[in-house]
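Work through the exercises below with the structure open. Each task is followed by a solution in steps.

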Amino acid sequence: MKAWMAGIVAAAAAAIALAAEHTVVQKDLAFSQKTLKVKAGDLIRFTNDDPVPHNVISVSASNPFDLGVFRKGESKSVTLSKPGPVDVECSIHPGMKMRIDVE
Amino acid sequence: MSPRQVAIVAALCASPAVAAENVVDTHGDTLVLEAGHASLRKWLLPDVVPSPEDNKLTPQRAALGKMLFFDPRLSGTGQSTCASCHLPERGWSDSFPKSIRFMGDVMTRASPSLVNLGYNSIFQWDGRSPTLEHQAVNGAGPSGSMNAAGKAKPTDGIANIQKIPAYGELFARAYPGEGVTPTSIGKALASFERTVVSRDSPFDQWLHGKKDALTPQQVQGFRVFVDPAKGNCSACHSAPNFTDNGFHNLGLKSGADKDADVGRFRQRPVALMKGAFKTPQLRDVAQSAPYFHDGSAATLEEVVDHYAKGGDVKTNLSPLMNPLSLSSEEKQALVAFLRGLSTAHPIFEYPVLPK
């Protein structure tokens, strides 16, 4: 393997190793964390542990997303790429709020 | 009767009463359907309506808000009040499918009841008001529902109130140092709205232990209400105030209209919120017909029939809207239960307004 190819492979491996995974549980109409610090590129997995369906959206223009509906036991994930605070809520139950700080 | 027969009868008489029925509700809690049972406590409303730190409820504030609520001078035209669309005799709604303003304009939505709003955490059909104070003063502003109707020239009802010396004195006592401002007017109105409470219905009395407060049919209706395999109503109309403070598209026929009301979508532009509206609380619901945000159901029976068929328009339908397996008897029991949510209020006393 040429040196430059080896360099690319090493960089990719490092990026994969650095990307962490975070889990947020939705239970009793609340997120398990009120705040969460992540690095850009980390995977954030939301799991619904309530008997009613939930939905997770960003209400911050810098990192918009809508994970759609998910029912009890289902999970959906999102990766945030832009640094900054991201306000997250369940659009069905807007009393469910949390903030993700992307570094 | 032989001694043996006497012994059997005595044993039967001495045996415990038939055990109360249980039901596992939508949220996984086992409820014992027995008056006063501890498992039902989550349905009891707190005795004190919560109020924010900067607007703690006092009798003075509520009395001031009551005057403002019924004072037409708060509207720019002097021709409407909060009570134009929220009448105490009509379940704090107005009986119209969609409210009619003083100039004859028909508004876009039904007047929501104000009962037990103080227990909620988000306000208006589309949730655009984060506090009761915001909701309360929203209609009184120059572009609010009390003003600016049709061809009427928008004027400032707040300024009308500021010109009345007696109100100045009342505000000085209720809100020292705050003056007569849109903010303090909103606080006073919200304080009054926090006194519009229903928590002594037959259902509430049953929760407190009064065995005959609900009929057996109404208890069956409560079972249907909470049973996820039946009505599943409590998935959204949840304890204790019969609301999840959430937003759901119920598949109403009006959702297929060319200019359909998008509801919560204006605040949260995601597909699930298109045509979604706030879950209303249900105490005193029998007094506030017609129902739904578009006033399309004239009776509680029509409401139940709508849910039983799983809605009409399926676009962006709430995932909780599914056809229900309800017998005619169960539907009747459900309506009977809903009628058991009404408190017997004393005759409402209107305020004397300052000159």
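**Exercise 1. A surface patch**

Task: Decide whether B:Ile100 is buried, partly exposed or exposed, and find the nonpolar patch that holds B:Ile100.

Solution. 
- Step 1. The relative accessibility of B:Ile100 is 38%. This model is predicted, and the value is computed from the model.
- Step 2. B:Ile100 sits in the loop of chain B that runs between helix H2 (59–69) and helix H3 (132–138).
- Step 3. Together with B:Phe96 and B:Val106, B:Ile100 makes up a nonpolar surface patch. The accessible area of the three together is about 250 Å².

**Exercise 2. Confidence**

Task: State the scores of the model and find a stretch of chain B where pLDDT stays under 50.

Solution. 
- Step 1. The scores are ipTM 0.88 and pTM 0.90.
- Step 2. Chain B has a mean pLDDT of 91, and 91% of its residues reach 70 or more.
- Step 3. The stretch is residues 11–16 of chain B. For these residues the model has zero contacts beyond four places in sequence.

**Exercise 3. The cover of a helix**

Task: List the buried residues of H2(B) and name helices that cover them.

Solution. 
- Step 1. The buried residues in H2(B) are B:Arg61, B:Ala62, B:Leu64, B:Gly65, B:Met67, B:Leu68 and B:Phe69.
- Step 2. Their cover includes three helices of chain B: H4 (157–162), H5 (165–174) and H6 (182–193).

**Exercise 4. The surroundings of B:Thr343**

Task: Locate B:Thr343 and describe what its side chain reaches.

Solution. 
- Step 1. B:Thr343 belongs to the segment that follows helix H10 (328–339) of chain B.
- Step 2. Its relative accessible area is 13%. Because this is under the 20% cut-off, B:Thr343 is buried.
- Step 3. The side chain of B:Thr343 comes to 3.0 Å from the backbone nitrogen of B:Asp200.
- Step 4. With neighbours within four places in sequence left aside, the contacts of B:Thr343 are B:Ser198, B:Arg199, B:Asp200, B:Ser201 and B:Asp284.

**Exercise 5. Backbone geometry in two loops**

Task: Then find a cis peptide bond in each of their loops.

Solution. 
- Step 1. Most residues other than glycine have a negative phi, and most peptide bonds are trans.
- Step 2. The bond from B:Ala289 to B:Pro290 is cis, with omega about -5°.
- Step 3. B:Pro240 is found in the loop between helix H8 (216–226) and strand E3 (247–248) of chain B. Its peptide bond with B:Ala239 is cis, with omega near -5°.

**Exercise 6. Salt bridges**

Task: How many salt bridges does the structure hold over all chains? Examine three of them, one in chain A and two in chain B.

Solution. 
- Step 1. The structure holds 21 salt bridges over all chains.
- Step 2. A:Lys72 pairs with A:Asp49, with the closest N and O atoms 3.9 Å apart. The two are 23 residues apart: A:Lys72 is in the loop between strand E6 (66–70) and strand E7 (75–79) of chain A, and A:Asp49 in the loop between strand E4 (43–48) and strand E5 (54–58). A:Lys72 is exposed at 51%, whereas A:Asp49 is partly exposed at 34%.
- Step 3. B:Lys42 pairs with B:Asp29 at 2.8 Å between the closest N and O atoms. B:Lys42 lies between strand E2 (30–32) and H2, and B:Asp29 between strand E1 (22–24) and E2, so the pair ties together parts of chain B that are 13 residues apart in sequence.
- Step 4. B:Arg194 pairs with B:Glu133, the closest N and O atoms being 2.9 Å apart. B:Arg194 is in the loop between H6 and helix H7 (202–207) of chain B and B:Glu133 in helix H3, 61 residues apart. Both B:Arg194 and B:Glu133 are buried.

How values were computed
Residues numbered from 1 in each chain as written. Chains lettered and ligands numbered in written order. Predicted model: local features only at pLDDT ≥ 70, side-chain atom pairs only at ≥ 80, totals over all residues. Heavy atoms only, no water. Helix = DSSP H or I, 4+ residues; strand = E, 2+ residues; numbered from the N terminus. Buried < 20%, exposed > 50% of the residue type's maximum accessible area, 1.4 Å probe, protein only. Polar contact = N/O pair within 3.5 Å; in protein donor to acceptor, adjacent residues only side chain to side chain. Contact = heavy atoms within 4.5 Å. pLDDT = per-residue confidence, 0-100. Patch = residues over 30% accessible without salt bridge, like charges linked within 9 Å, V, L, I, M, F, W, Y side chains within 5 Å. Areas by Shrake-Rupley, 256 points an atom, 1.4 Å probe, with all protein chains shown as cover. Salt bridge = Lys/Arg side-chain N within 4 Å of Asp/Glu carboxyl O.
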